[in-house]
Amino acid sequence: DGCGHTVLGPESGTLASINYPRTSPNSTVCEWEIRVKPGQRVQLKFGDFDIDDSDSCHSSYLRVHNGIGPNRTEIGKYCGFGFQMDGLITSKSNEVTVQFMSGIHTSGRGFLAAYSTTDKSDLITCLDNASHFSEPEFNKYCPAGCVIPFADVSGTIPHGYRDSSSLCMAGVHAGVVSNTLGGQINVVISKGIPYYEGSLANNVTSEVGPLSTSLFTFKTSGCYGTLGMESGVIPDSHITSSSILEWPNQTGQVNIWKPENARLKRIGPPWAAFISDEHQWLQIDLNKEKKITGIVTTGSTLAEHYYYVSAYRILYSDDAQKWTVYREPGMDKDKIFQGNTELYQEVRNNFIPPIIARFFRINPVKWHQKIAMKVELLGCQFSIGRAPKITLPPPPQNKNDEKNADFMDDFIHSVKTSLQTDKTTFTPEIKNTTVTPSVTKDVALAAVLVPVLVMVFTTLILILVCAWHWRNRKKKTEGTYDLPYWDRAGWWKGMKQFLPTKSAEHEETPVRYSSSEISHLRPREVPTMLQTESAEYAQPLVGGIVGTLHQRSTFKPEEGKEASYADLDPYNSPIQEVYHAYAEPLPVTGPEYATPIIMDMSSHPSTPLGPPSISTFKAAGNQAPPLVGTCNKLLSRTDSASSAQALYDIPKGQLGPGSADQLMYQVPQSVAHPTGSKDE
């Protein structure tokens, strides 16, 4: 009467003392006899051990024996509060006896242990959780019987489980291991999430959980997709049932809850049986053999009809004639799956090992009020590999070959029998890796053709892109403001004017004057600019040697004349200079070229010189006029009383200096000529 939670599987299991994890009662005893396959040995691991040792293991203890029966031999006797059992207890044979004795005591939780065969070196217990391991990914073996009422699970798949959850119990909930058989789990640790959902699956209830620092998930085969009930891939004609519920409502309209209504998440009524008994069934034809790994069910989903199936059996067939009831390996009883506990919640059950079949049938055994349900199947495609081709020798030519012919007949018959046997006894763990020669040739041909086709299409795309790009560039060069083409000789001529030269007096950058500050500046010398050869337009400013044109201007000289040089920009320019490869065009609304303006300076003999304009002139005689050295010199030339002539650059088309009426210079259209300036 001292036995607690116990599941003894063929290769692993779990056992605990009565009332664990609470204090076990006084004067109780329990004895477990464990057997595994002959030739194997048993290993025992304790997850918790807390037995009173006040009398030195005399009345309360745990004893482990090699063998079963009177000939067994003792391996060890253990007791103690919070006793830490390092390592595993290993037997010498395939049989072990575990004996628990509880005498008079006041405290002590008892124990919980797991066992497996010795080939499971990574055995853990049902109490281990993810926080006990530091690796980001690891493999462990879970024993059978880890669905225990005193372990917690929070979360679900595919979002993950809280790190405080029992690893093995979460593995059962996720459908990666069986509670009856145990199995291997592959765990991956990742960052936690703020909220963990709860659900019911494989008879394990996962609770809602709060934020945690980490979570874990399981690596699986990936064969958990839906098979077509919800999506409609399975047609209505492939969903049948033993009976259909028909009943009139208050208005006299007849409601028919047909089997095609049994699609998960489909709005409306479910499938319901006309008679509620254990002989009712819902059948699904998958059109061909599929690998079925699980099922999800709900109740009626109608609040006014509180119907659902709480337990059911599963049957499967290849021809819809001979049916097999699903059982777990090593079990001699049909497996009863837990269904719904209310009409809305989705409940999942997994098949370990999976079912390979075309026809699938659900047989309700328990229900609430009436049999009604909606269903979805989980799994993936399944196909058997091709059988190897049989090469036969030529037929016998004479009587001496009759024995060989008889032998070949027997051989062919044995091969056919073996193939048929393989087909009926095929398990999902076995995979045919044989590739026939035709398949090999197809694979080799595809391996050659696919890269060639990819290269051809890539080349065509590149040619089209290049042609489109060239066409756009050609269109741009045909715009309103065509730019001069810089061939090798013309490019060098255009660049010569921008090379720096050493001034005879100073080496400093040109000085700029704004119209508002010219009267406040001290005299500075401006370096002499190189005289350039003729150009059709003002040459671009590059290289950062001289200032940048910031006013929008395009000047075209008169025909037959040559431009002299580009003056400096005397206007304010922003701090950040922008270099232009060419002179910028005028606005669309303005004239194409700047128009020279003739100004009479004779009536202003004493007016100080305003800011010069941006211009390009060349004097007659191909002699470039020298630049004035300072502002004072420039003013003195314009203030001279002895002559009414102002010394400005001679515009194109003039033979030489003349009267003031004949003098003209170019002024940008957007700049007004100042009338004067103040002296400091």
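Colleague: What is the handedness of the disulfide formed by cysteine 3 and cysteine 30?
Modeller: In this predicted model, cysteine 3 and cysteine 30 form a disulfide whose sulfur atoms are 1.5 Å apart. The torsion about their S-S bond is about 95 degrees, so the disulfide is right-handed.

Colleague: How many residues apart in sequence are the parts that cysteine 3 and cysteine 30 tie together?
Modeller: Cysteine 3 and cysteine 30 form a disulfide. Cysteine 3 belongs to strand β1, while cysteine 30 belongs to strand β3, which covers residues 28–35, so the parts tied together by this pair are separated in sequence by 27 residues.

Colleague: Which handedness does the link of cysteine 57 and cysteine 79 have?
Modeller: Cysteine 57 and cysteine 79 form a disulfide with their sulfur atoms 1.6 Å apart. Cysteine 57 sits in the loop between β4 and β5 (61–66), and cysteine 79 in the loop between β6 (73–78) and β7, so the pair ties together parts 22 residues apart in sequence. Both cysteine 57 and cysteine 79 are buried. With -85 degrees about the S-S bond, their link is left-handed.

Colleague: Where does cysteine 146 lie, given that its disulfide with cysteine 126 links distant parts of the chain?
Modeller: The sulfur atoms of cysteine 126 and cysteine 146 are 2.0 Å apart, and the two residues form a disulfide. This pair links distant parts of the chain, 20 residues apart, with cysteine 126 in the loop between β9 (110–117) and β10 (137–142), and cysteine 146 in the loop between β10 and β11 (155–156).

Colleague: What relative accessible area does cysteine 146 have?
Modeller: Cysteine 126, with which cysteine 146 forms a disulfide, counts as buried at 0% relative accessibility. Cysteine 146 is likewise buried, and its relative accessible area is 1%.

Colleague: What is the pairing of the bonded cysteines when they are numbered in sequence order?
Modeller: The structure holds five disulfides. With the bonded cysteines of the protein chain numbered in sequence order, the pairing reads 1-2, 3-4, 5-7, 6-8, 9-10.

Colleague: Which are the edge strands of the open sheet of five strands?
Modeller: The strand order in this sheet is β1-β2-β9-β4-β7, with antiparallel pairing. An edge strand pairs on one side only, and this holds for β1 (3–8) and β7 (89–90).

Colleague: Which residue of β7 does leucine 44 stand opposite?
Modeller: Strand β4, made of residues 42–50, and β7 pair in the antiparallel sense over two bridges. Within β7, the residue opposite leucine 44 is isoleucine 89.

Technical notes. Residues numbered from 1 in each chain as written. Predicted model: local features only at pLDDT ≥ 70, side-chain atom pairs only at ≥ 80, totals over all residues. Heavy atoms only, no water. Pairing = 2+ DSSP bridges. Helix = DSSP H or I, 4+ residues; strand = E, 2+ residues; numbered from the N terminus. Disulfide = S-S within 2.5 Å. Buried < 20%, exposed > 50% of the residue type's maximum accessible area, 1.4 Å probe, protein only.
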